[in-house]
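Please look over the sequence and the model shown here before reading on. The report that follows takes up a few local features and helix contacts in turn.

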Amino acid sequence: MVRLVLRRLAWTGPLLFVVSVLCFLLISLVPGDPARTVLGPLAPPEQVEALHRQMGLDRPLTVQYLSWLTDAVHGDLGRSVGTGTAVGPLIASRLAPTLSLILLATLTVGVLGTALGVLSAVRGGPLGRLVDVASVVGLAVPGFWLALVLITWLAVRWRLFPATGYAPFGESPVQWLRSLALPVAATSLAAVTAVAKQTRDSMLDVLSRDFVRVMQANGLSTRSIVYRHALRTAAVPVVALLGVISASLLGATVLIENIFGLPGLGSGAALAAAQHDIPVLQGAVVCYTLIVVVIGLLADLAQAWLDPRVGAR
């Protein structure tokens with residue numbers, strides 16, 4: 001287990017370096033001028049050039065990146081072009097809504113998807129076919145369309161949940177949960193159906209193995225076989241899929257946070273991209289990369305706990 005953690009952490013540094021380089025190069029290719037964004041379209045060229053020199057934008061890209069990298073290694077991610085706020089505290093202030101959304105969506109996907117998959121595998125029949133159909137439909141439904149439908153019905157017409165905004169957990173856990181209910185539902189629908197189908201297929205494969213037949217011949221109850229023995233074996237590929245889904249949900253948060261007005265990292269990154277705010281966007285990408293690394297590490301540890309052979313590879 002320790003070797004597994006060290007092996008994953010050894011890749012974190014090179015991965016962050018490669019991602020930051022690619023992000024810096026791609027941002028430099030995006031049309032727009034940060035100095036012009038700050039000063040406005042009517043600013044005289046002399047002021048724009050002066051601000052270019054002040055922000056260091058007149059230097060070559062390699063010099064700009066090495067300067068940013070040197071500061072980032074020492075914990076300084078720079079300052080926002082538009083507001084002058086330090087990027088580190090700005091990202092930290094937007095991290096809680098994003099992490100809350102990812103955490104609740106992952107829990108929803110894991111619990112509902114696994115429950116549906118196990119029930120359809122054990123009972124079969126119409127429920128199994130329903131899971132197959134739901135997996136196709138869930139993947140076909142766009143998340144932004146589902147978000148608009150949920151807002152229209154559950155927030156505007158029936159007023160069961162707030163349409164926009166975010167309530168911190170420390171202020172009111174109930175309001176925190178209500179503010180995230182619709183974003184979580186819009187984010188996790190397709191993932192629930194995917195996990196349900198993977199769980200069903202894995203359970204059917206495990207239930208057809210010889211050790212299950214031996215336990216059935218020895219008189220063990222179906223509940224004991226399914227939940228104490230078969231589910232742990234079938235959960236290994238499900239956990240792997242859940243890790244991939246949790247990482248992919250980070251991309252969905254950019255759109256979902258903008259639709260529901262959540263002050264998260266995704267909406268902040270979208271705003272920074274629109275304003276050509278390179279330091280904020282660069283810091284957000286680094287933060288996203290760290291979150292993906294942590295998710296992958298947790299998924300690997302969960303798989304190694306379920307099946308020690310995974311950690312030995």
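In which loop is histidine 276 found? Histidine 276 is found in the loop between α12 (265-274) and α13, where helices (H or I, at least four residues) and strands (E, at least two) are DSSP runs, numbered from the N terminus. The model is a predicted one, in which local features need pLDDT of at least 70 and side-chain atom pairs count only at pLDDT 80 or more, while totals for chains, interfaces and linings use all residues. Residues are numbered from 1 along each chain as its sequence is written, and side-chain values use heavy atoms, with hydrogens and water left out.

Although histidine 276 is not a glycine, its phi is positive, at about 55°, and with a relative accessible area of 9% this histidine 276 is buried (buried means under 20% relative accessible area, exposed over 50%, partly exposed in between, with a 1.4 Å probe and protein chains only). Arginine 159, likewise a residue other than glycine, has a positive phi near 55°. Arginine 159 lies in the loop between α8 (143-157) and α9 (173-207), and its relative accessible area of 67% makes arginine 159 exposed.

## Helix α11 against helix α13

Two packed helices are described by the angle between their axes and the distance between the axes. Helix α11 (residues 222-260) packs with helix α13 (residues 278-306) at an angle of about 170°, and their axes are 9 Å apart; here axes are lines fitted to C-alpha atoms, for helices over the stretch in contact, and angles run from 0 to 180 degrees between N-to-C directions. The two helices α11 and α13 are therefore roughly antiparallel to each other (angles under 35 degrees count as roughly parallel, over 145 as roughly antiparallel, 65 to 115 as roughly perpendicular and the rest as oblique).

On the α11 side, the residues that make the contact include Arg232, Val236, Val239, Gly243, Ala247, Leu250 and Val254, and on the α13 side they include Tyr288, Ile291, Ile295, Ala299, Gln303 and Trp305, contact meaning heavy atoms within 4.5 Å. The residues of the contact of α11 with α13 divide into 15 nonpolar, 4 polar and 1 charged, with Ala, Val, Leu, Ile, Met, Phe, Trp, Tyr, Cys and Pro counted as nonpolar, Asp, Glu, Lys and Arg as charged, and the others, Gly among them, as polar.

## Helix α1 against helix α13

Helix α13 also meets helix α1 (residues 2-10), the axes of α1 and α13 coming within 10 Å and crossing at roughly 160°. Helices α1 and α13 are therefore roughly antiparallel to each other. Leu4, Val5, Arg8 and Leu9 of α1 make the contact with Leu297, Asp300, Leu301 and Ala304 of α13, and the residues of this contact of α1 with α13 divide into 6 nonpolar, no polar and 2 charged.

A salt bridge joins the side chains of aspartate 300 and arginine 8 (2.4 Å, N to O), a salt bridge being a side-chain nitrogen of Lys or Arg within 4 Å of a carboxyl oxygen of Asp or Glu. This pair links distant parts of the chain, with aspartate 300 in helix α13 and arginine 8 in helix α1, 292 residues apart. Aspartate 300 is buried, at a relative accessible area of 16%, whereas arginine 8 is partly exposed, at 32%.

## Other salt bridges

A search of the whole structure finds 5 salt bridges. One of them joins the side chains of aspartate 201 and lysine 197 (3.8 Å, N to O); because aspartate 201 and lysine 197 are 4 residues apart in helix α9, they are separated by about one helical turn. Aspartate 201 counts as partly exposed at 36% relative accessibility, and lysine 197 counts as partly exposed at 29%. Lys197, Arg200 and Asp201 are linked in a network of salt bridges.

Arginine 209 forms a salt bridge with aspartate 205, in which the closest N and O atoms are 2.9 Å apart. Arginine 209 counts as partly exposed at 35% relative accessibility, as does aspartate 205 at 39%.

## Valine 286

Valine 286 is found in helix α13 and counts as buried, at 16% relative accessibility. Leaving aside residues up to four places away in sequence, valine 286 touches Leu16 and Trp68. Valine 286 and phenylalanine 17 are 269 residues apart in sequence, and 9.1 Å apart in space, C-alpha to C-alpha.
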